[in-house]
Amino acid sequence: MKLCDPTTVSAFIQISSLVCPAEQYVFSIWGHGSGLSPMADVPGKYEDPAAAPATRGVIGDEWNKHEELDMYELSAAIRSAGLNRLNTIFFHNCLMGNMETLTELRGLSDYIVASAHLLVSEGELLTEYVRGLLEKGNTEDAIAQMFERVHPKWENSYHESEEQENGQIVESWKNGDYKLIRTAKLDAIIGATKRLADRLVALYPTQREAIDKATKEVYRFHTLILNYLSPEQRHLLTYVNPFVDLADYAHWLAKETGDTEMAAISADLDKAFSEAFVHYADVNTNEQHLDHYTLSICLTNNNFYTADAAKLPLVDYFVPNHLCNFDQGYEQTTFHKLTGWGNWQRTNQQLLWGNPTSDGGGPLK
């Protein structure tokens with residue numbers, strides 16, 4: 001049976017609820033998450049799904065050529081299982097704390113647990129959460145106990161500065177976050193982000209220099225680095241993992257533009273995140289870090305957003321066999337439809353090269 005098949009996921013939920021009936025259910029996924037893959041981003045499976053990476057990967061099936069379950073399929077699987085609503089969706093995998101995925105899933109559970117970073121854990125997070133559910137009887141107290149008990153083991157997972165595979169790929173593992181999110185509060189974040197997108201598009205013609213500076217300074221969650229590329233070439237990778245911290249971006253934009261409406265939007269985002277996060281913990285061992293992380297959002301510039309993906313540099317390395325142009329896939333997301341965030345990516349001219357976290361550490365020289 002394929003883990004990446006939504007019918008398998010739906011059957012698992014149905015059978016579990018019949019064998020172990022309960023008043024409330026928690027659904028957890030433990031595996032490799034790729035968050036959002038903007039250039040392989042069409043809902044549904046490909047004609048030859050084993051031949052290509054999946055869209056918006058929620059979990060990779062390592063026994064089926066890493067074919068992945070995408071966020072649309074996960075949503076459909078949960079809905080078709082017949083439960084009225086889950087108590088919690090617990091992502092024990094990387095990069096799932098992105099607004100695009102969370103918006104797609106927000107109506108399926110009361111809570112979502114996710115990280116916007118690469119999530120490094122040997123299982124202590126999930127096992128302590130399950131133990132907490134048994135001991136406390138509810139998710140909020142269980143997550144609070146989980147955070148209390150996992151330190152310092154979880155924190156020590158992030159002390160590795162890099163991991164190399166075949167001498168080619170180097171990924172930063174220095175920072176991490178995890179939070180319990182009230183899904184009912186995501187709508188306030190979505191609404192503020194729509195205002196942010198609209199204001200950015202309106203201001204850019206007259207405030208380009210200030211907005212470009214904010215775009216270069218915003219915190220990026222994860223950048224894949226190929227160590228055979230020179231610093232001058234690494235900007236080519238900005239379209240691979242284009243995740244930035246949403247609240248941090250609004251802070252920089254308000255600071256650099258001096259715009260009162262932008263400042264109000266930033267304040268509303270801060271308030272919305274404060275109300276959405278029930279419990280939060282992070283580990284920061286990199287020189288480049290935030291004092292508090294929120295959720296990630298896709299950010300790239302017009303050239304990459306509208307480019308023919310098949311002609312992008314290095315594309316054969318990342319998404320062989322199947323490609324979708326960034327804009328075509330991104331604008332099918334519910335998040336874009338609600339916020340128009342893709343309109344800003346069509347407008348933005350600033351490449352995120354020179355961003356403080358573009359090199360997994362300090363600014364590029």
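Modeller: Start with Ser75, which lies in helix α2 (residues 71-80); helices (H or I, at least four residues) and strands (E, at least two) are DSSP runs, numbered from the N terminus. This is a predicted model: local features need pLDDT of at least 70, side-chain atom pairs count only at pLDDT 80 or more, and totals for chains, interfaces and linings use all residues. Residues are numbered from 1 along each chain as its sequence is written, and side-chain values use heavy atoms, with hydrogens and water left out.

Colleague: Is Ser75 buried or exposed?

Modeller: Ser75 has 7% relative accessibility, so it counts as buried (under 20% relative accessible area; exposed is over 50%, partly exposed in between; 1.4 Å probe, protein chains only).

Colleague: What is Ser75 in contact with, leaving aside neighbours within four places in sequence?

Modeller: Glu104, Leu105 and Leu108, where contact means heavy atoms within 4.5 Å.

Colleague: And the chain, how many helices and strands?

Modeller: The chain has 14 helices and twelve strands. Of its 365 residues, 56% are buried.

Colleague: Changing topic: how do the axes of α7 and α9 cross?

Modeller: The axes of α7 (residues 186-217) and α9 (residues 260-276) come within 9 Å and cross at roughly 160°; axes are lines fitted to C-alpha atoms over the stretch in contact, and angles run from 0 to 180 degrees between N-to-C directions. The two helices are therefore roughly antiparallel (over 145 degrees).

Colleague: Which residues meet there?

Modeller: Among them are Leu196, Leu200 and Leu203 in α7, and Ile265, Leu269 and Phe273 in α9.

Notes: Angles under 35 degrees count as roughly parallel, over 145 as roughly antiparallel, 65 to 115 as roughly perpendicular and the rest as oblique.
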